[in-house]
Amino acid sequence: MKNIDDMSREDDISQLFIKNQHKLEEMPPSAIWERIESKLNDSAKPMAELETIRPSSNWQKIKKLIPYLAAASVLLLLIVSIPYLIPGKKDSSIAEKLVAVEDVIISDSEETMPMSEAEKNNAFETKDRIQQEKILETAKNALSENKRSRKVREDYNLDRIEINESSEDLIVLSIEPAIDEDKSFIAKPKAENNDLFGSVQSTGNMTNIVNRSEYQLDGRSYANPPTVIQNDNLETIAKLNSTASKQQAYSTKPVMKNKAQKRDNAQRLEGKMQIFEWILGRWIDHEEEGGKSTENWRRINAYSIECLGTKIKDNNKIFEERLTIYFDQKLNQVFLKMPVDDYKKALLYMLVSYDTENIVFEQREDLTMPDKVIFQRSINGFSTIITKGRDNLKPAQQSYFEQRNRVSNTKILRLLSPN
Amino acid sequence: MSEQELIQGCLNGERRAQKALYEKFAAKMFGVCRRYVKSVENAEEVMVEAFCKVFQKIELYSGQGSFEGWIRKVVVNEALMFIRKNYRFNEHLDITEIPVQSVDVTIEDELAANEILNLMDQLPTGYRTVFNLYVLDGLKHKEIAELLEISINTSKSQLILAKKRLRDLVEQAGIVRTGGFETS
């Protein structure tokens, strides 16, 4: 008599299969190798193309422009040389130039006569003052043309600026201040924000964090609002030009970019957010039971992306949720904001680690809620795995997540592939 | 070519080495795929994906443990990913709820390939997967639980149920000579 221990591999059933499993070995059809080979070739090609395209994309653009540049330079040469080519005028123009040169030589020689110290100082101060006046005037003109700066002018009394004669620093202003400024002012968010899809959403416990897409100035929203100076003692812009505050000043220095560069910059994510470039786009869960589940990730600005996840059954949208991933400049951290129950209570998960395959977010604020969210890349797309370290998920949480995920007691999973 | 040469050739992306490596291990790995997924077409699908991954990720093989074992791991993972797309591993009965009975059974030692496949195909997906992982691939219940994102108890209960079902199927198929029945 044999007692079968079903928890071991020594029972008869287990031994039966262990001893005979080698009989399953069978060479697969030759078409399998051909498919593998074809897949390897396909995966090698785009990488090679990408390597040639990406590093040399700028060079490719320049190459295309070369014929136009050559034509433009030839045209310029012709225009410049026309006066010299026309007979009769040549000598006179050259003579005129010689006279002008002589004048210049004479005037230069006068200026090169040695000056006294006092004269030198006076000349320098005059030059400096003229320069400051010119810069201030330029700034004023630029501000007056730009409507959105009206409020800034009122707030900071730019019209009543007096040049402090003791100031030795030049005015340096920047329209797009550096991201890692230490003393950037963060505007308080409104109590309720209209989210980008139109519905009103409470900010909940996000009072410390700005929804930058909602920052408003003069009634208009801007994707990248300027850093505003938080200095109650501001009297003149000249006083701001100490070394510490140079970085905080508001600027009108124009930044000229060509259209293509502007377009590229407009579509890029910056800094740590670049690890999410791959997720932008539309994804679908083909195998989801009870309907079709999709995710549409889009870029909001260089530091935030948003996802609209929906479940559609029989052409009806039966479920919808929104996720946001953004970079908090103040905390220098990336966060995932994700709803976790039917009341759309959103939790903030902080990015704790990432590599080429896994991006991991965690939260410790609410131990009754899932504590980890993992985005795991694969050949066919990516998986979102939501786990709860302690205890099981509550029934309300399970039922919420079941609406577009596969759910067990402690884990939630969805598999997505490109649409 | 020796195994080292094959690995080096694959690291260099040589097609000849890749093909030789494939031909060396394909039969065994196809058997593994066949155990996990139900149809031949699905097994072929898993084979293609698994070997592509082997060639693309071969640099991750650290040299510790056998190369065949590493390939087998990749194949099993690929099979599980395939299964997960179509199946959700739910939590099942706690192990303490399953009635235990001992049966005096004498089982014939030989099973043909088609009999093995036939028996496996009749198992539900969860049973078959846990049975494969524990009995034939030698994983522990803790490892199975992590892989399938289930609890250890669920893994154990699935195994017991799988063996019970197989025992019934084997008996029905006339492979077993039952010598008696006793309850514990």
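In the predicted model, strand β10 (residues 346-354) of chain A is joined to β11(A) by 4 bridges, and the two run antiparallel; strands are DSSP runs (E, at least two residues), numbered from the N terminus, and two strands pair if DSSP finds at least two bridges between them. The two strands form a hairpin with 3 residues between them. Leu351(A) stands opposite Phe361(A) in β11(A). On strand β12 (residues 372-378) of chain A, 5 bridges join it to β11(A), again antiparallel, and Val373(A) in β12(A) stands opposite Phe361(A).

A residue counts as buried if 20 or more other C-beta atoms, placed from the backbone, lie within 10 Å of its own. By this criterion, 17% of the 419 residues in chain A are buried.

In helix α1 (residues 12-20) of chain A, the buried residues are Ile13(A), Ser14(A), Leu16(A) and Phe17(A). Seen down the axis of α1(A), they fall within an arc of 160 degrees, so they line one face of the helix.

The average pLDDT (the predictor's confidence in each residue, from 0 to 100) of chain A is 68, and 54% of the residues score at least 70. Where pLDDT is low, the predicted coordinates should not be read in detail.

Residues are numbered from 1 along each chain as its sequence is written, and chains are lettered from A in the order in which they are written. Local features need pLDDT of at least 70, side-chain atom pairs count only at pLDDT 80 or more, and totals for chains, interfaces and linings use all residues.

Technical notes:
Buried ≥ 20, exposed ≤ 12 C-beta atoms within 10 Å, placed from the backbone. Arc of directions from axis to C-beta.
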